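Thanks for asking me to look this one over.

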Amino acid sequence: MAKLHISSQFDSGSIEVLNLNDHCHIELKIRKDSAADFAQWFHFVLCGAMNLPIDLKLLNAGICSYPDGWTDYKIAASYDKHSWFRIDTQFDGEILSAKITPGANCIYFAYFEPYSFERHMNMIGSFTLSPYVFVDRLGGTSQGRDITLLKVTNTENSMLEMQKKKVWLIARQHPGETMAEWFAEGFLEGLLKKNDPVSCTLLDQCIFYIVPNMNPDGTVLGNMRTNALGVDLNREWCSPTLERSPEVYWVREKIIQTGVDIFLDAHGDEGLPYNFVAGSQSNISHSHLQAELEATFKESWTTARAGFQDQYNYGTPQRGSVPLSVATNWIADHFGCLALTIEMPFKDNAIDPMPLRGWDGQRSKEFGASALLPIQSVCSKLFKF
Ligand code: ZN
């Protein structure tokens, strides 16, 4: 019988092994971010387990950052790192546990379908030769990884660059929210789909600035929420520094340079099993125009029947309750434009549940592509003003 082994020493791997001596009972601990106390992300491979009745226990689940995230949650698993499925999982308020008898000798487990930094680079590579894409390096992280921007537009079009609407999409400020980068990949594929009337119009009328991964260091380190320095990037937008938050510093500088008409920031929510958005209503400066554009965006996305809904969300926040250091709020305040945080579930989409898959990478990609429709609706309005 092969000896059991757990490994997480790979791109975005993360777990602490407490007890692996007993073949049936594996005791684990969800690891904190590399330089902060947030803990929720895990990703590891178990080998030597073929046909063994494995009982996984994550002993510190109840004291992790988002304990609500474990209610009705199922662990993601894969044999080939390509097809991911969900396994029966229980949470008793303290311990997250799952039983599985693996059908192969090695099996991967993760909080959500991972999106490695290697995949990130391959994805960017796949778009590099497109005539509509210009790949640019905005700057580097504290560990020397590139912050990469994809500028996407049709330069053959007669409309001058200055007349085009500037649409920004950033994703994965919180590295454990991998659905955000799946979303960005789907968004890019949708935008570059040949002979698609929506994308052709958008490429003519807009310049897209897309940062598919805002937090490369956190991604590789297997962090849930912070960069290599332990900083939550989505609390840095008022005054980012090269010492603490170079990721935000470089991207914000570029946004100030290009301007922005529509800003989207893709995230995942641990608790709510829905796709929804959070706007900038809490800003003192929130305008009627911003409210109108937000309503247009939400109505258009709901009508598209792509899995978006506007019934379950964070509710209407009190004025001033969300800090301007949050990307959406700072951008909306500084530019007076439409700015939205997009939230996707870690669990499943309760308006279209798929229990064997839960919410996953492919569904996030399709959802990302569907965001082109509400962008077109808002652009039509902006061009009329
Ligand atoms: Zn987030």
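1. A word on the ground rules. This is a predicted model, in which local features need pLDDT of at least 70 and side-chain atom pairs count only at pLDDT 80 or more, while totals for chains, interfaces and linings use all residues. Residues are numbered from 1 along each chain as its sequence is written, and side-chain values use heavy atoms, with hydrogens and water left out.

2. Side chains of opposite charge can pair when their charged atoms come close. The structure holds 17 salt bridges (a salt bridge being a side-chain nitrogen of Lys or Arg within 4 Å of a carboxyl oxygen of Asp or Glu).

3. Take Glu 181 and Arg 172, a salt bridge whose closest N and O atoms are 2.9 Å apart. Glu 181 is buried at 0% relative accessibility, and Arg 172 is buried too, at 1%. (Buried means under 20% relative accessible area, exposed over 50%, and partly exposed in between, with a 1.4 Å probe and protein chains only.)

4. Glu 292 and Lys 381 also form a salt bridge, at 3.5 Å from N to O. This pair links distant parts of the chain: Glu 292 belongs to helix H6 (residues 288-303) and Lys 381 to helix H9 (residues 372-384), 89 residues apart. (Helices, H or I with at least four residues, and strands, E with at least two, are DSSP runs numbered from the N terminus.) Glu 292 is partly exposed at 36%, and Lys 381 is partly exposed at 27%.

5. Asp 348 pairs with Arg 363 in a salt bridge, with the closest N and O atoms 2.8 Å apart. Asp 348 lies in the loop between strand S17 (338-345) and helix H8 (361-370), whereas Arg 363 sits in helix H8, 15 residues apart. Both Asp 348 and Arg 363 are buried.

6. Do look at the shared partners as well: salt bridges join Arg 119, Glu 185, Glu 189 and Lys 365 into one network.

7. How do H8 and H9 lie, and which residues touch? Their axes come within 5 Å and cross at roughly 15° (axes are lines fitted to C-alpha atoms, for helices over the stretch in contact, with angles from 0 to 180 degrees between N-to-C directions). H8 and H9 are therefore roughly parallel, as angles under 35 degrees count as such. Gly 368, Ala 369 and Ser 370 of H8 make the contact with Leu 372, Leu 373 and Pro 374 of H9 (contact means heavy atoms within 4.5 Å).

Notes: Parallel < 35°, antiparallel > 145°, perpendicular 65-115°, else oblique.
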